[in-house]
Amino acid sequence: MKTKQVFLRLSLFTSLVVMIVPLASCGFCVSSGPEPFCKFMNETPPHELTSSDTQLVFEEPGTIAVYHGFGCAKSDKSGREDALKVEQSLDLPAYAGNATVFLNGWRVQYLSKDHHVGGFSTFIEDIGLERNRLKWRAVGALGDEGFDDGYSWCYNFTVVAWNPSNLNLTVDHESPCSSADITQANSFFAANNYGTSTALSSYASFLQNPAFASSKGVAVLPRGFAFGWGDKEDCNDDGEDHHLLQVGYNLDHSEAFIENGKSYWKWGQKVTPPLPSDASRTNAGYVSWETFAIFKDDSRRRTYTFGETVSAIAGNDVGVIQSPFSFLPWQPPSLCSETGTPPQSQEFVVEGVPFEFAIPMLTGWELGYLCTDRHVAEAGVWIDEWSYDKAARTLRYRLSSALRNKDSDMYYRRHKVTILGLRPLTGVLPLEKRPDLVPFSPLGSTADKFCRIEQGGQMLRVTVKNQGNDNAGPSKTTVTFINGSVTLDTPAIPAGGSTELLFRIPPNCFGPDCSFRITVDSGNQVNEPNNEGNNSIAGTCIG
């Protein structure tokens, strides 16, 4: 038997990074199990980024900073190609005590001609915060049966960094290699579409974290996926690849709920959650969801494997808005014409978002050829850029996609964006115009964080912020010390803006500590409907 270099399916979670190991006589085969994947992540040298970029989308200093970016790499060798692994990091503001990164798009492309597809994948793993630097690894692959055709791969990501003192959030983005208990894994792999009569499959999974139990909201964040033809047990020297007609992914609605006796996909198998009684549970530290997938050519159904990894963010400041989204296997009509123009990059606008901060997450997408299955030269769907206008409560994002072979770029595209909302608005219509003046410190929200002393202990710096969505006219700000008060004129502040004031500290305030109270709009000159109660805050300087 001739030795072959076989790229078999990208089907197992290990094959999501194309863990190719030699067989005794029949060339190469993808190995299965967590150990090879973790060994790959820990021991394989990273590839060089061919291009990358990261942009700050918005920031409220002292509270939150959100970034969007991408990274690309390629494998172009003579013979067997490489699975691609890249390492990226981002320096964050000093106040960012916690942060995470999630997947917001992907793109793969053969470097020459077009080919069959054996499978493809994109994952973000090993997320960690070291001081104020967020680090992570991303892996991706594209291949046909022989895994001998050069390709490029790009992924888009969004980073959220926050001050835990100002935002009630906690994140679970553990690596699947960090725990021996599979019920705690954030991933599943080698999930076959057994028992289906079509190419549509569904996979239930869950996360468990004690911090989720006391949270008002939990959001599941996309972090990776993989599709591959074949059966995870069918490891031979032939592999599988096919034309592609349709591929789809949908991370569906999630809830803080776990069903007693139900089997869920975790790591490399199905498990039943270890509940304390014969009852389903809500608000018990669980979040569960269903993921739907389609991977097909012109055949009604072929066996394929699927894998997914996610994170979850929870807390009293977390909310989710998700539009309905579903798909069915596409069967082109007998009389079909590929006319018109392919989908273009498009800007989408969502108004009336009821959160102070809103972030789009690409949680569902579908790509398909119009009339028949074909080779693939390029495929992907990604969020190019996005913005959130806090004052207008308006989210904008631009979506791009690709699916083509060497002869045609006619295809259709559908997608779903889930809005991750932070700090829900209460008692105010999202588009009601009103200013809202508050004392603010970039260091945090506790009393000691408002002790910002300058000039040898003689002056106290105070920030007045307008966190409303309308401009605030001139006002007055008063700082009341234990032995006197000081009032300063405060200039007009635009919506979302702030101004800095310096107050002289009265003599003998420290005895040994110096306590004070900051009151903005102390003369009641600014009309702040329903928000006068947040104009004052206590501060303390420890002597």
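Analyst: Rings of Phe, Tyr and Trp (its six-membered ring) pair if their centres lie within 6.5 Å; planes under 30 degrees apart count as stacked, over 60 as edge-to-face and the rest as tilted. Here W106, F120, Y203, F225, F227, W229, Y249, F295, Y304, F306 and W365 form one aromatic cluster. This is a predicted model: local features need pLDDT of at least 70, side-chain atom pairs need 80 or more, and totals for chains, interfaces and linings use all residues. Numbering starts from 1 along each chain as its sequence is written, and side-chain values use heavy atoms, leaving out hydrogens and water.

User: How many aromatic pairs are there, and why is the pair of Y249 and W365 called tilted?

Analyst: The structure holds 29 aromatic pairs. The ring centres of Y249 and W365 are 5.9 Å apart and the planes meet at 35 degrees, so this pair counts as tilted. Y249 belongs to strand β14 (residues 246–255) and W365 to strand β23 (residues 355–369), so the pair ties together parts 116 residues apart in sequence. Strands are DSSP runs (E, at least two residues), numbered from the N terminus.

User: Are Y249 and W365 buried or exposed?

Analyst: Both are buried. That means under 20% relative accessible area; exposed is over 50%, and partly exposed lies in between (1.4 Å probe, protein chains only).

User: What makes strand β9 mostly covered?

Analyst: Twelve of the twelve residues in β9 (151–162) are buried. Y151, W153, Y155, F157, V159 and A161 point one way, while S152, C154, N156, T158, V160 and W162 point the other way.

User: How do you know which strands pair with β9?

Analyst: Two strands pair if DSSP finds at least two bridges between them. Strand β4 (residues 64–75) has twelve bridges to β9, running antiparallel. F70 stands opposite N156 in β9. Strand β6 has eleven bridges to β9, also antiparallel. The bridge partner of Q109 in β9 is S152. Both counts meet the cut-off, so both strands pair with β9.

User: What is the strand order of the open sheet, and why do β3 and β22 stand at its edges?

Analyst: The seven strands run β3-β4-β9-β6-β24-β25-β22, with antiparallel pairing. β3 (51–60) and β22 (346–350) each have a single partner strand, so one side of each has no neighbour in the sheet.

User: What joins β6 to β24?

Analyst: Five bridges join β6 (residues 98–110) to β24 (residues 378–389), and the two run antiparallel. W106, a member of the aromatic cluster, stands opposite V381 in β24.

Terms used
Helices (H or I, at least four residues) and strands (E, at least two) are DSSP runs, numbered from the N terminus.
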